[in-house]
Amino acid sequence: MLISGYATIQAAAEAIQNGAYDFVAKPFDFGELEITLSRAMQKKVQTERLQRIKRRNLILALSLPLWLLLG
């Protein structure tokens with residue numbers, strides 16, 4: 001997340017293209033900032049869960065031929 005006192009559409013677009021979750025311009029409302037931070041943390045948790053599921057699926061897919069051989 002990027003907080004800036006010099007908010008432009010170009011700066012916001014660049015920040016997000018470079019991996020920022022969101023761009024917040026000063027002065028900002030603390031309630032909105034809290035909501036944005038909460039959403040960013042939820043996205044991080046969901047991304048980590050998805051990565052674990054993908055790894056588990058890959059392990060299962062790779063072990064399937066072994067299961068077929070062993071019966």
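1. In this predicted model, buried residues account for 14% of the 71 residues in the protein chain. The chain exposes about 6200 Å², and 61% of that area is supplied by carbon and sulfur atoms.

2. Two helices and two strands make up the secondary structure of the protein chain, and read from the N terminus these elements follow the order β-α-β-α. The radius of gyration is 20 Å, well over the 11 Å that the globule rule gives for 71 residues, so the chain is more spread out than a compact globule.

3. As for contacts between residues at least 6 apart in sequence, 16% of them join residues that are at least 24 apart.

4. Helix H2 covers residues 30–70, and Trp67 has its place there. Trp67 also belongs to a nonpolar patch on the surface, which it forms with Leu60, Leu64, Leu66, Leu68, Leu69 and Leu70, and the accessible area of these residues together is about 820 Å².

5. Arg55 lies in helix H2 as well. Between Arg55 and Phe23, which are 32 residues apart along the chain, the C-alpha atoms are separated by 31 Å.

Key
Residues are numbered from 1 along each chain as its sequence is written. This is a predicted model: local features need pLDDT of at least 70, side-chain atom pairs count only at pLDDT 80 or more; totals for chains, interfaces and linings use all residues. Side-chain values use heavy atoms; hydrogens and water are left out. Patches are made of residues with over 30% relative accessible area and no salt bridge: like charges are joined within 9 Å, nonpolar side chains (Val, Leu, Ile, Met, Phe, Trp, Tyr) within 5 Å. Accessible areas come from the Shrake-Rupley method with a 1.4 Å probe; for residues, only the protein chains shown count as cover. A salt bridge is a side-chain nitrogen of Lys or Arg within 4 Å of a carboxyl oxygen of Asp or Glu. Helices (H or I, at least four residues) and strands (E, at least two) are DSSP runs, numbered from the N terminus. The radius of gyration is taken over C-alpha atoms; the globule rule is 2.2 Å times the number of residues to the power 0.38. Buried means under 20% relative accessible area, exposed over 50%, partly exposed in between (1.4 Å probe, protein chains only). Contact means heavy atoms within 4.5 Å.
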